[in-house]
Amino acid sequence: MTKTLRQVGIDLQESEDNRALIEAIEGDNPDLTIRHLPGLIKLQAPGQIVINRQSVEAKLGREWETGEFQLAIVSYAGNFSEWDDDQIIVNWEH
Amino acid sequence: MTTVQPRAKKLPLKERYSLLTRDLDWEPSYVSRERLYPYTSYEGIKIHDWDGWTDPFRLTVDAYYKYQAEKDKRLYAVLDSFAQSQGHLSLSDASYLNAIKIFIQGVTPLEYAAHRHFAFLARYLEGPAPRFAALCQSVDELRHAQTQIHTISNYNKYYGGFHSWSKMHDRVWYLSVPKSLFDDAMTAGPFEFLISISFSFEYLLTNLLFVPFMSGASFNGDLPTMTFGFSAQSDESRHMTLGLEAIKFLLEQDEDNVPIIQDWIDKWFWRAYRMSALVAGMMDYMLPKPVMSWREAFELYFEDQMLGGLFPDLDFYGIKPPRHVDLAIGEKDHLGHQVYKILHNFSFAAAFTTSTPTDEHMAWLSEQYPSTFDRHYRPTWEKHRRIEAAGGRAFFQGLPQLCQVCQVPMAFTEPSDPTRISFRHSEYRGETFHTCSDGCKWIFDREPEKYVQAWLPVHQIYQGNCGGPTVPDVLNWYGIKEGDNGEYRGSADNTSWLEWHK
Amino acid sequence: MTVKALYDYTFPSADRAENFGDDQLVFVHWAGNPFFCSAAAFRAPKAIPFAEFIQTMVEPWAASDPDFDSAAVRNWRLFDQPLDTGDGGKTLLDLGVTHKALLSFDA
């Protein structure tokens, strides 16, 4: 089954901590678009968005657990198809 | 760039999650499974393998409390700072707070109701993974009720309408709209509740119900509510996930579940959409600095994200977009105006105030609703302006006709003709019941045994169950006090505001 | 379709006629007037003459609209059917206006 390329989205809180997170996500997702709204940052990409712990740690300059992503997220459009110690993936299943 | 040190060996997230949730479960031996879980078969839903439920967030209790405590710390720091700096004085205007009065009266009690029912699910769902997810949501919803109360309590010191929100939720006419929705959900079975609240409310319509209040807060200087919103939203992403997981799990377990789920989606989309009408009125008319129109929010959060994003995904299971969705789409240029007319007509009996829109605001409405505002709604608002210029203020001197299902005054119009009120009715056991739309009539006709029991505020007043026959009797029974109700201009809130900003 | 329940789910209706004794609920709609968000709900005696119902209950409500002119009231309908109210002397019950009926008029 071909993966559909509908837009997947994640909305993050605009905060100091999240700057590094967003830079890391941008680095790992070349087709990512970023929109700024008051207090909110909307990320969108066709098909999927991947968050890699190692990339986030590299930008943040400290250890980071994927669980911390819970503090950043506001809303999302898609499915969390994977969430383990190293990676989070949001996409549409069908 | 800092070099990252290799970390100490830890149990992988997947394994920890399994050990601390699923692996703590056991097969009952002292009682039968049916006796331990008496509610999971009567709805006709078939589950073959409860282990098919996955929780992508893989939350365990220790992680849960760690992150929630951090969120609370951040929130309360902001609440303290706002109170200490007299932040309420930098709101756009005191009239903004009418939206927040509706929020604490209408939404906060629903958070508490959700807390109770998710606690019920945390006991009575048969699988350990959904039980744990429900337990986390139960604590989340209690957190939301508590944080909303704390957030909004600061305004109670200076403005009317906030003081008796819980009592008002149980008694006041416009609050029976949200209350009856949750009562309907809580009196359904566990699977219907998951589709009604976890899916329809917390996934399908959550952005439409929630984001307008939070963005409205941000645009109007309401730092505490905005911060509460962001603080709760990260919980909401888990709730959305539970909702989506619930629906997929049920659809994947047995093909026979599909038509039952479809019916529930059809019912609950419409139920929650009708309740969201209050949000439409708020967005279009009650924010001194408006964020966006209801129309725009509906297009973005529902038509694009849900009809365009989610439903194509659910099509795989044979699920179609909700019945009557075309009616909702057809109403988007009218809903906010028709609902605010209700609130404006009746705020003498409400715990908030309303006023006729200014010229500036009407110009914004013209721009946002080019095909409807000037033609259908501006003339009436201008008539109100003329009455007020002559020193009057017109209210609806009577009680409205209510819809038996959504309980909103029947102010909605025919899809084909916005100058004609939409009237529908049904007969059941020889008695007539009125509904506002094809959507509500379908819901009534499907489960009349339920809706004939509805506690309709207007009918209860006429039965003498609301404190007495006169308006002051009823307002007293409602707990509405001098300064809470009526017209905003010249009200206690307005007078205080002008005094504080001399 | 009936409600799915674990037991016999039969309950009385909250607004059944007997709860109103000799009175009943009547809804009145001023057709085509957007000044009122909706029709109004009244509790009226079943035996009230129509003209008295209009004068004592409906007109005070309709006068919320400062442009209301009682002489202009015409074309009464009972649900979708024209209602001949005659000289106003017949009672609601005589006219077939029963519990929770919907009346509409133009003005």
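**Exercise: chain C from end to end**

Find the pattern that chain C follows along its sequence, then see how its extent sits against the globule rule.

*Solution.* Start with the order: reading along the sequence gives β-β-α-β-β-β. Helices (H or I, at least four residues) and strands (E, at least two) are DSSP runs, numbered from the N terminus. Before going on, note that this is a predicted model: local features need pLDDT of at least 70, side-chain atom pairs count only at pLDDT 80 or more, and totals for chains, interfaces and linings use all residues. Residues are numbered from 1 along each chain as its sequence is written, while chains are lettered from A and ligands numbered from 1 in the order in which they are written.

Next, the extent. The C-alpha trace of chain C spans about 55 × 30 × 25 Å along its principal axes. Its radius of gyration is 16 Å, whereas a compact globule of 107 residues would come out near 13 Å. (The radius is taken over C-alpha atoms, and the globule rule is 2.2 Å times the number of residues to the power 0.38.)

Last, burial: 32% of the 107 residues of chain C count as buried. Buried here means that 20 or more other C-beta atoms lie within 10 Å of the residue's own; exposed is 12 or fewer, partly exposed is in between, and C-beta atoms are placed from the backbone.

**Exercise: the same checks on chain B**

How does the radius of gyration of chain B sit with that of a compact globule of 502 residues?

*Solution.* Take the rule first: it gives a value near 23 Å, and chain B has 24 Å, so the two agree. The C-alpha trace of chain B spans about 75 × 65 × 45 Å along its principal axes. Now the make-up: chain B holds 23 helices and seven strands, and buried residues account for 52% of its 502 residues. Then look at contacts between residues at least 6 apart in sequence: in chain B, 79% of them join residues at least 24 apart. Two residues are in contact if their C-beta atoms, placed from the backbone, lie within 7 Å.

**Exercise: who touches whom**

Which pair of chains has the most contacts?

*Solution.* Begin with the pair to rule out: no contact joins chain A and chain C, and their closest C-alpha atoms lie 32 Å apart. Of the two pairs that touch, chains B and C have the most contacts. On that interface, 32 residues of chain C meet 40 residues of chain B. From chain C, strand E1 (23-30), strand E2 (40-45) and helix H1 (50-62) each give at least two residues. By class, this side of chain C has 19 nonpolar, eight polar and five charged residues. For the classes, Ala, Val, Leu, Ile, Met, Phe, Trp, Tyr, Cys and Pro are nonpolar, Asp, Glu, Lys and Arg charged, and the others, Gly among them, polar.

Now the other pair: 30 residues from chain B face 24 residues from chain A. The largest share of chain B's side, nine residues, comes from H11(B).

*Solution.* First the geometry: the axes of H11(B) and helix H12 (residues 257-275) of chain B come within 8 Å and cross at roughly 150 degrees. Axes are lines fitted to C-alpha atoms, for helices over the stretch in contact, with angles from 0 to 180 degrees between N-to-C directions. Then the residues: Ile247(B), Leu250(B), Leu251(B) and Gln253(B) meet Asn257(B), Val258(B) and Ile261(B).

Now the core. A nonpolar core is a set of buried Ala, Val, Leu, Ile, Met, Phe, Trp, Tyr and Cys residues joined through C-beta atoms within 7 Å. The largest has 185 residues, and Ala99(B), Ile195(B), Val339(B) and Val26(C) touch the most other members. H11(B) gives the most to this core, with 10 residues. Among the contacts of Ile195(B) are Ile247(B), Ile261(B) and Trp264(B).

**Exercise: placing Ser293(B)**

*Solution.* Locate Ser293(B) in the loop between helix H13 (277-285) and H14 of chain B. Count neighbours: 21 other C-beta atoms lie within 10 Å, so Ser293(B) is buried. Beyond four places in sequence, Ser293(B) touches Met283(B), Asp284(B), Gly336(B), Gln368(B) and Tyr369(B).
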